[in-house]
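Subject: Structure handover

Hello,

Here is the structure for your files. My notes on it follow below.

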Amino acid sequence: MNRLKLIFLSMLLCSASIYASDRKLTDYVNTFIGTSNFGTTNPGAICPNGMMSVTPFNVMGSDLNTWDKDSRWWSTPYSSDNCFFTGFSHVNLSGVGCPEVGLALTMPTAGPLQVDYHIYGSEYRNEVSEPGYYGCELTAHGIKAEASATTRTSVERYTFPGGQGNILVNFGEGLTNETGAWIRKVSPTEIEGMRLAGTFCYNPQAVFPVYFAIRINKVPSECGFWKMQPLLTGVEGEWTPDDGTYKIYEKYGREIAGDDIGYWFSFETAEGEQVELQMGVSFVSCENAWENLDAEQAPLAPGVSNFETVRAAAEAAWESDLSRIKVSGGSERDKEVFYSALYHTLIHPSILNDVNGEYPLMESDGVGCVPEGHTRYSVFSLWDTYRNLHQLMTLVYPERQIDMVRSMIDIYKEWGWMPKWELFGRETFTMEGDPAIPVITDTWLKGLRDFDIETAYEAFVKSATTPGAENLMRPDIDPYLSKGYVPLGFYSADASGDNSVSHALEYYIADYALSLLAADLGHAEDAERFLAQSLRYKHYYCPSFGTFRPLNADGTFLEPFDPRQGENFEPVPGFHEGSAWNYTFYVPHDVLGLAKLMGGRKAFVKKLQKVFDEGLYDPANEPDIAYPYLFSYFKGEEWRTSKIVSELLDKHYTTRPDGIPGNDDTGTMSAWAVFSMMGFYPDCPGHPSYTLTTPRFDRVEIRLDPEYCEGNDLLVITKNKKMKGRITHKNLINGKVY
């Protein structure tokens, strides 16, 4: 077998680096990768794991009469296929499949004041995007618009052509499906406000406020509010809420509330004059937004500039984080793919607490405070990230992973359940499973232990054993416990349909991880129980089709049945966002047992190869992304892993805007590329081991934190250059072949 326990991999440690390069690592990051082909990344300015991000908002597209943000293209504020700028949006998500946040759009304009985004929007050219920076030229206004960010704040710089200039702050538009906002004038150069957001993936109760503090560095000649006035439809008593005229308030200067509201600053500018705008954000209060702004940026005043200082600090933060992994050899194209992917893995989870430590308590109106020196994280897209992203954090950024685990445990303390897909203090119930279990188990078994494991274990046992629909992690647990499977007839909390097989497979993996943790903590009976539960996936195997197949309540298989149904994301009974082929090999904790069920090693390998030969593999679908690594469980077949991984990297991971195979899923697809290009992959979530493949680079150096790695500070992976042009299935570690 070509799989290594973590302790073996660690034997590659050494203490000196021979890496040398004249290029900064940030130069290899192409932030436009993933901005097409449903990747839903964006080229905006953000710092690592930052609360604030500022992104060009172009979802309007070239057709000014159409705005379909609910289609899969518009889960992001930016698409490389569009070229119509309606402002910089703030607090954005990366790589997700549902529209959310993207708020407080700031837009510079030239000439007479116009607050209708259909009219003031502009095409743009000369885009430049780097980690921590974005800039473009707005052709309709002759304005250069630039943005940078700190952890909780942004700064924007607008270079005007001369004459009347305006800065608009639109609190009505955004990606969120929620409406409602208020704005208050604080001073001639300052405003504050709140925008309601939420309903992510159409959970109507997952709603939260976002607070803003905004100031500019030029005193306006005029300023004020605007509000859209809806038009009568022609039917008595009825209004058109999405169409109307905009009322500009020139003599009113206190505060305003509503659905489609905004604020404008106007001033006379000299040719080439630059005006800057600062924005702080908080999920607690406007007071905290101001405190965040003043703590992370010097206060703006007339003629004072912060832009270059913030930009340089953002670039330095990214260079530091990216430099924890250094590669040499390999092509320039591969380095661009690699560091762009590593960049995307460091966007989420996001920092939630303000500089004073305050954050919104989970599913509560209250406010908590994180202990000094620690961080509260949010945006736990765990159905995605439990498979590989948190394993990357554990290895390379352990201090963050520990705080991420603490955040999950605190969520349980505050709410009574671990997160499934948590967003800014609200549970969205998107996707399925019990994904916090393998994340925290994996972290614990790899030696990061500075967190409350007993409370975590309590939470895990609760979700794995609590009967009835009140079990928010496993609402269909009753048949799972009594029958060993989830039959058809149970519907997902995220309104995605009847996904019984997908649910059960996730529970099996969670129970396996829980059995490992129970054994490590000395709970032998629990370990035996949960291990037995994890092996009941065999109920779903249908010999006549050779795949998993949904079961009815009486134990009979679903009729009729097509194992390819669902491969185009069409709804299909039993499976979520995929076909039976995308799920049948998803038993990473018992690959050899699954092979026996399928008729043995040869039958298993043949069927798995068929998945790739006949186009049944979906590189953008989480349950099957580890399929290429399963060949390595069988001696003599490891070469298939290396061959297929290499082919997938070449085909689906490129330097083009479509260079990610679908939604990046908060960094999950990018983490697949990072691990695969380094030459090892965590194919069984929760189990402290990796499966090897051929590295893309001659040498990979991972800087370790000696505090967590028994005094070692470097992990080095080298490629055997003698194998050039050949597929290797042998791995040499300190002179020994694995």
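Is Thr394 buried or exposed? Thr394 is buried, because its relative accessible area is 7% (buried means under 20% relative accessible area, exposed over 50%, partly exposed in between, with a 1.4 Å probe and protein chains only).

Before the rest, some ground rules. This is a predicted model, in which local features need pLDDT of at least 70 and side-chain atom pairs count only at pLDDT 80 or more, while totals for chains, interfaces and linings use all residues. Residues are numbered from 1 along each chain as its sequence is written, and side-chain values use heavy atoms, with hydrogens and water left out.

Confidence

The average pLDDT of the chain is 92, and 91% of the residues score at least 70 (pLDDT is the predictor's confidence in each residue, from 0 to 100). Residues 5-20 have a pLDDT below 50, with 38 contacts beyond near neighbours in sequence in the model (contact means heavy atoms within 4.5 Å). For residues 61-73 the pLDDT is also below 50, and that stretch has 30 such contacts.

Thr394 and its helix

Thr394 sits in helix α7 (helices are DSSP runs of H or I with at least four residues, strands are runs of E with at least two, and both are numbered from the N terminus). Leaving aside neighbours within four places in sequence, Thr394 is in contact with Gln401, Thr443, Lys446 and Leu448.

Helix α7 (residues 389-396) packs against helix α8 (residues 398-415) at an angle of about 130°, with the axes 6 Å apart (axes are lines fitted to C-alpha atoms, for helices over the stretch in contact, and angles run from 0 to 180 degrees between N-to-C directions). α7 and α8 are therefore oblique to each other (under 35 degrees is roughly parallel, over 145 roughly antiparallel, 65 to 115 roughly perpendicular, and the rest oblique). From α7, His390, Met393, Thr394, Leu395 and Val396 meet Pro398, Gln401, Met404 and Met408 of α8.

Aromatic pairs

The whole structure holds 40 aromatic pairs (rings of Phe, Tyr and Trp, the last by its six-membered ring, pair if their centres lie within 6.5 Å; planes under 30 degrees apart are stacked, over 60 edge-to-face, the rest tilted). Phe225 and Tyr252 have ring centres 5.7 Å apart and planes at 45°, so the pair is tilted. Phe225 counts as buried at 0% relative accessibility, and Tyr252 as partly exposed at 36%. Phe675 and Phe680 make an edge-to-face pair, 5.6 Å centre to centre with 70° between the planes; both are buried.

Regards
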